[in-house]
Structure formats: structure tokens, C-alpha cells
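This briefing is for a reader new to the structure.

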Amino acid sequence: MRVLKLEYYKIRRKKIVPMILLLLAAEMLWACMSNSLSISRNPDQAVWASILFMTASLNGLFMPLITAIVISRMCDMEHKGSTWKLLAALNVGRSRLYAAKFGCAGSLLLLAIAVQAAVMAVYGLAQGFSGGLPAAWLLRFIGGTMLATLAAAAIQQWIAMAAKNQASALCLGMLGGFIGLTAPLFPAGVRRWLIWSYYLDLAPVTYRYAESAGTFAAQPWDGRIAAAALGTAFLCFIFGNLHVARKEI
Amino acid sequence: MRAAVIQTRKLTKKNRVHELDLEVREGEIYGFLGPNGAGKTTTLKMLLGLVKPSAGAIRIFGESLGEKRSAILRQTGSLIESPSYYGHLTGLENLRVVQRLRGLPDRNVEEALRIVRLEKHRDKKAEAYSLGMKQRLGIAMALLAFPRLLILDEPTNGLDPAGMEEIRELIKTLPGRYGMTVLLSSHLLAEIEQIATSVGIINEGRMVFQGSLDSLRSRSRGEIRFHTGDNALAERLLAAHGYRPVPGGGRLVFGPLADREVAEINRLLVARDIPVTRIEERRRSLEDIFLELTGRERSL
């Protein structure tokens, strides 16, 4: 717990939270404006599912980027100041430090997802979407997005801690964003192997295309996708932790 | 004899350090000397458990490092290679990171800042510090717990002469004021000579000398040189009396000789009418010995 608290202390003045909020502002502005435009063209779109689906789609682009930036900022400060060596010589297990960093990054990303849910709730209420606040959908949105984010974060942290140069970690984030955005174009068999496509797969709603139009529909919870995200997060965290902790300084 | 704080037996790191037996006793300032690339930093990293040895044993405070690493590191402060710091945090905040990790009281932070004279710059970001200030911040971090053992790897690197002197004076006071044992590495003999009480010289990963500075100095026994009017005749004469000089450069060179022997050689030469034009003693400096031990006759 002491090591985790210290991670929050260490990121002061790194402007990580303002950066998250800035990217979130861009994403939510995009989602809300786009949704409002759809509603003005087709009033049937004025449902909670529309904003949930729009945000989940945009998360494929934004969340890998936000994840990469948050984690690279947190890991880069250790590389730049050669502090990994200092901390390792201070009787603090490197595995604990790695876990603390993951926990700290995870909590910030969870905050970002919670902010998204809050913005969607406010937007939906302001638009007067019918049926009241869909708490269950919003909670599923938070849970599903968090699962996909944890998997992406575990991969990002492994790379960001193992390589001093953060260019590769940031490139992976951008690649993840591209895959996440274009995920619906891939066949389901391919999508399953790309964790950045899980933002849509784990969303509470989906969009079903009919001949000339489409409709929003509730998407059942896919336990296999959730297990795959959790498994990826777990395995990448364990292997990344082992790799970094065993690396000679 | 004081207890050994650090003891290594046949400590080896493949291709870098070979069967190193290092012994640092309590209250000493142990100068770990060697040219760049000799294996000093690798050895110090092994002592802190940052690098895994290929073979050999390390005992610190009488305990095996492999078994009691946590307990040992709690009593050890270190500065390895360049100082480690968070550039976006102030000097004070950097010390607070170490303080919180080690669970130390606030007064330690104040005391460490005072010792390294960074009180006035405590609220400045570490990235804005000069090299000397960063080095002092690194030393403050190492000192923060007022550990029993302090391991400093080239702590005066990059400092100007005044800064170097300041750090040396600080290190000299640590055993007396805080009961610390200091293991200090350097490639500068003059630096070690000024502050260390014991010295270990490492070259190409092997310990080539270990002992007190006095015992190192005792190796600086001089050679006696006789300049005579006829060196060939003098050499034959002296050989007949059991003296075997090394001729060269128009003089006869002897190893260390007692005053009595010098007088005897002079008497023999004068008795055979061989003019003795000069008798000189040449003492080797510590630097000569260091260069000889490390096999680097040229500049380091």
C-alpha cells in the first residue's frame, strides 16, 4: 500500500490527469456532437444505446492512446532519472513497484472510464432519453471497457518498463488505437485476437445492420471475450513483471 | 581487530569480475580503486543485489546477502553510477520518496539536506539542479536513513575541484560522526589517498592489492642509484662482494638498501679509486605503484 501511495506522490506535476481529461473532452465532445447530429436527422436515435455505442466505438481509438500516454509518462520518469536502480537498492521489491505502477495507472484509467459514464449520463438526461438512467448498462460499460483497458495497459506497461525509449510503447498505443477504430471491419475470427477490438465486443449495446438501415440492440455479455481480456491482462502483467524484475540493472 | 562489514569470497561475474575477495571492516573508509572498466561498479552492484553474481559469496554485517538481502539493504545507503532522481520533483520531494519508502522520520530529511547543503535549493526541481547539486542530492538520498554502511560509486564524478573537496570532507566525517562504514569507489588515486583508510585495487576484474594505505605506501620503497666513473669495473667489484646492481643508463641501480649497505658500497668503490659522482635515492610515488599494479604505465 505504501508503494502504491508513493506512485500517486511521484506523478505529481506530471500533468497526467489533465492530459486524460483533455483527451476525454475531445472524445466525449466528438461522441455527443455526432450523436446529436444523428438525432437531428433521425429522432429514433434518441436512445441511451446510441450514446453508449458511439462512446464504445470511439473508445477503440481513444482508450489505447490514453492508456499508452498514462503508462509511458509513469514509466518514463523511472527511466529518465535511473530511479529503478535507486528503488531496487532501497529494499523495495521490483515486483511490488511494478504492481504498484499498474495499480496506479489502472485507477487513473478507471477514473477516465467513470468520467465517460458520467458524461453519457448527463448527456442522456439532458437529451431527455426515455426510460430513465440505464444504470445496469452504464455499469456494464464501465466493467467491459475496464477489462479491455486492463489488457491493453498490461501490454503497454511491459513494453514501457522493458524499453527505455518510449517511442515503441507510444507506437503500440497508436497502432492499438487504429485497430480499435477499424475493429468492426475485421471478421469476428480476427477480432478475437485483437484486444483493442474488445471495447466494442464488451459494450452493453451493439448496432445491427439491416438491409438499408440499422438498429441498436442490447449485446449479451460474452464471457469468452471477457475471459480473454482478463487472461491477457493477467498473463501480460505476470510475464512483464517477471521480465522486468529479473532484468539486471 | 574490527569486525568485517563486507566480505566477499571468490565473487565472480562472468567476463567482468573474477574471484574477488574483498573485505571492508567496521568504521573504515575503504577506497575501491581501479581504472575505468576495471569492474568496480559491477562489484558494487553485486553487493547491493542489483546484479546477480555468477559465482562466489557475499556476506554483509556477517549475513549472507542472498538470504538476508532485505535486512542488509535496510542498513545500507548507496549511490551507484550517476545519481537517481525524479527530475519533475523538487529536491525535498525526491528525499520524501526515499523517506516514505523507508519509513523514516521528517527530521532525517532536514538533516540530510543540511549535511549536503541543499537546504536553500530544496524547493527547486531536481532537473534544474547543477551536476554538483544532483550529486549532492544523490548523496543525501544515500545518507537519509543514516545507514551503517554507505556505498558510494565515484561520488565526485563531474564535480568541480571545490565540489570534490567538499564531498571528500563530508565523507571523511561520516565514520566519526555517524558511525558509518564507507565503501567508496574511484579511479582517482589522489582522491582515495586523501580520504581512505584502507584500499583495494581492482584491475580487469581482479583484486591486485588490498590492505591499509600504509601497506600500499610501504611498496614505495626506493631504489638507490650510484653514478660512477667506471660502471663496468664497479659492477664487477661489487658482484665480487655480493652486491648485484642492475646496470643501465650510465648508472648502477640497486633495490632498497639499508644505510649501512650504501656506506659499504661507497667505501668499496672509493677504495678501488672508482670515482663516485652521485648517489641518489628514487622513491616511487603511489601513482607509480598504482600504475604498476594495474599494468597501465600510461595515463589512465
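In chain B, strand β1 (residues 4-13) runs antiparallel to strand β3 (residues 23-25), and 3 bridges join them. Strands here are DSSP runs of E with at least two residues, helices are runs of H or I with at least four residues, and both are numbered from the N terminus. Two strands pair if DSSP finds at least two bridges between them.

The model is predicted: local features need pLDDT of at least 70, side-chain atom pairs count only at pLDDT 80 or more, and totals for chains, interfaces and linings use all residues. Residues are numbered from 1 along each chain as its sequence is written, while chains are lettered from A and ligands numbered from 1 in the order in which they are written.

**Strand pairing around β1(B)**
- Q7(B) has E23(B) as its bridge partner in β3(B).
- Strand β5 (residues 55-60) of chain B is antiparallel to β1(B), with 5 bridges between them; A57(B) is the partner of R9(B) there.
- Strand β2 (residues 17-20) of chain B also runs antiparallel to β1(B), through 2 bridges, and K13(B) is paired with V17(B).
- The hairpin of β1(B) and β2(B) has 3 residues between the strands, and N15(B) takes a positive phi near 70°.

**Chain B as a whole**
- Chain B contains 11 helices and 15 strands.
- Its radius of gyration, taken over C-alpha atoms, is 25 Å, well over the 19 Å that the globule rule (2.2 Å times the number of residues to the power 0.38) gives for 300 residues, so chain B is more spread out than a compact globule.
- The C-alpha trace of chain B spans about 80 × 40 × 35 Å along its principal axes.
- Of its 300 residues, 38% count as buried, meaning that 20 or more other C-beta atoms, placed from the backbone, lie within 10 Å of the residue's own.

**Nonpolar cores**
- A nonpolar core is a set of buried Ala, Val, Leu, Ile, Met, Phe, Trp, Tyr and Cys residues joined through C-beta atoms within 7 Å.
- The largest core has 139 residues, of which L52(A), A151(A), A140(B) and V182(B) touch the most other members.
- Helix α3 (residues 48-80) of chain A provides the largest share of this core, 17 residues.
- Another core, of 6 residues, lies apart from it and includes F226(B) and L269(B).

**Contact between the chains**
- The contact takes 20 residues from chain A and 22 residues from chain B, where two residues are in contact if their C-beta atoms, placed from the backbone, lie within 7 Å.
- On the side of chain B that touches chain A, α3(B) gives the most, with 5 residues.

Terms used: Buried ≥ 20, exposed ≤ 12 C-beta atoms within 10 Å, placed from the backbone.
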